[in-house]
Structures are given as C-alpha cells and as structure tokens.
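Colleague: I've got this one open on my screen and I'd like to look closely at a single part. Help me get my bearings before we zoom in.

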Amino acid sequence: MADSVNKFGPPQQCEVFGQLLQVRTKLLKHFGTTCMYEVEITNKSQKDINTRVGFTSLNGGKNEVFAVNSAMVRLKPNYYAVYKLEKRECLKKGKKNPIESCMTCNPTLGFL
C-alpha cells in the first residue's frame with residue numbers, strides 16, 4: 001500500500017499458477033465499513049493469464065475469495081489492467097480516521 005490516498009503503492013511481484021504478475025494497489029475511498037481500492041495487475045509472464053482476483057475474507061477459519069467481490073483477469077503478456085475492488089467489513093463503525101484504518105486493514109489479494 002502507498003502511504004497516502006489516491007496514490008499507487010510500490011509494485012509487488014507474485015507468482016500465480018506458474019505465471020509472474022506485478023500488482024500495485026491504491027486506496028480510493030471508504031463508505032460505511034467498506035474500503036474501495038484500485039488494483040493494477042500486469043502480466044509479466046510469456047503466456048496469457050485467465051483467472052479471478054479478489055480480496056480474501058475470513059470465512060469459517062479459512063481465507064476465501066467471494067465471486068461477488070472479485071474481478072475476472074484476462075491479460076496477454078506484458079499487458080496490464082486496473083480493477084476496482086472492495087474490502088468489506090474492514091472498518092469498525094465509529095472510527096475517527098476511516099481512511100487511515102483502510103490503509104492499515106491489510107487487504108490480501110487471492111486468486112482463483
């Protein structure tokens with residue numbers, strides 16, 4: 001994550017199903033207990049990638065990505081796309097600085 005709102009954080013490399021991806025995130029806003037982010041994903045591998053991405057949520061003791069809060073990623077090599085994703089129940093109601101809370105909510109991306 002970046003250190004301020006509406007600014008992309010540093011790129012992070014990750015391997016998903018044997019494919020190398022670069023991911024950057026940016027906090028956009030919050031409403032209620034939900035935080036909105038932009039996620040930029042770049043396909044750094046030599047093959048097309050076709051997967052679903054979303055923030056993980058704890059469900060029954062295990063992390064899951066729910067289809068309703070996810071996006072379909074279809075990228076050719078060296079192409080990128082930006083997705084708007086939300087992390088629900090990230091904030092406690094009545095927090096004094098909800099933007100700061102969104103930045104420290106530790107959203108974790110999951111791929112299906």
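How much accessible surface does the protein chain have, and what share of it belongs to carbon and sulfur atoms? After that, walk me through strand 3, residues 34-43.

Modeller: Bear in mind that this is a predicted model. The accessible surface of the protein chain is about 6900 Å², and carbon and sulfur atoms hold 47% of that. The chain has 112 residues, 41% of them buried. Its 1 helix and 7 strands follow the order β-β-β-β-β-β-α-β from the N terminus. Of the contacts with a separation of 6 or more, 55% are between residues 24 or more positions apart.

Now for your strand. Strand 3 has 10 of its 10 residues buried, so the rest of the structure largely encloses it. That goes for both faces: Thr34, Met36, Glu38, Glu40 and Thr42 are buried on one side, and Cys35, Tyr37, Val39, Ile41 and Asn43 on the other.

Look at its partners next. Strand 2, residues 19-31, runs antiparallel to strand 3 and is joined to it by 10 bridges; in one of these pairings, glutamine 22 has threonine 42 as its bridge partner. These two strands form a hairpin with 2 residues between them, where glycine 32 takes a positive phi near 60°. Strand 3 also runs antiparallel to strand 6, residues 80-87, with 8 bridges joining the two. Here glutamate 40 stands opposite valine 82.

The charged side chains are worth a look too. There are 3 salt bridges in the count. In one, arginine 24 meets glutamate 40 at 2.9 Å, N to O. Arginine 24 sits in strand 2 and glutamate 40 in strand 3, so this pair ties together parts that are 16 residues apart in sequence. Arginine 24 is partly exposed at 23% relative accessible area, whereas glutamate 40, at 11%, counts as buried.

Another salt bridge pairs glutamate 38 with lysine 26, with their closest N and O atoms 3.2 Å apart. Glutamate 38 has 16% relative accessibility, so it falls under the 20% cut-off for buried. Lysine 26 is buried as well, at 15%.

The remaining pair is glutamate 86 and arginine 88, whose closest N and O atoms are 2.4 Å apart. Glutamate 86 is buried at 18%, while arginine 88 is partly exposed at 42%.

Methods:
Residues are numbered from 1 along each chain as its sequence is written. This is a predicted model: local features need pLDDT of at least 70, side-chain atom pairs count only at pLDDT 80 or more; totals for chains, interfaces and linings use all residues. Side-chain values use heavy atoms; hydrogens and water are left out. Helices (H or I, at least four residues) and strands (E, at least two) are DSSP runs, numbered from the N terminus. Buried means under 20% relative accessible area, exposed over 50%, partly exposed in between (1.4 Å probe, protein chains only). Contact means heavy atoms within 4.5 Å. Accessible areas come from the Shrake-Rupley method with a 1.4 Å probe; for residues, only the protein chains shown count as cover. Two strands pair if DSSP finds at least two bridges between them. A salt bridge is a side-chain nitrogen of Lys or Arg within 4 Å of a carboxyl oxygen of Asp or Glu.
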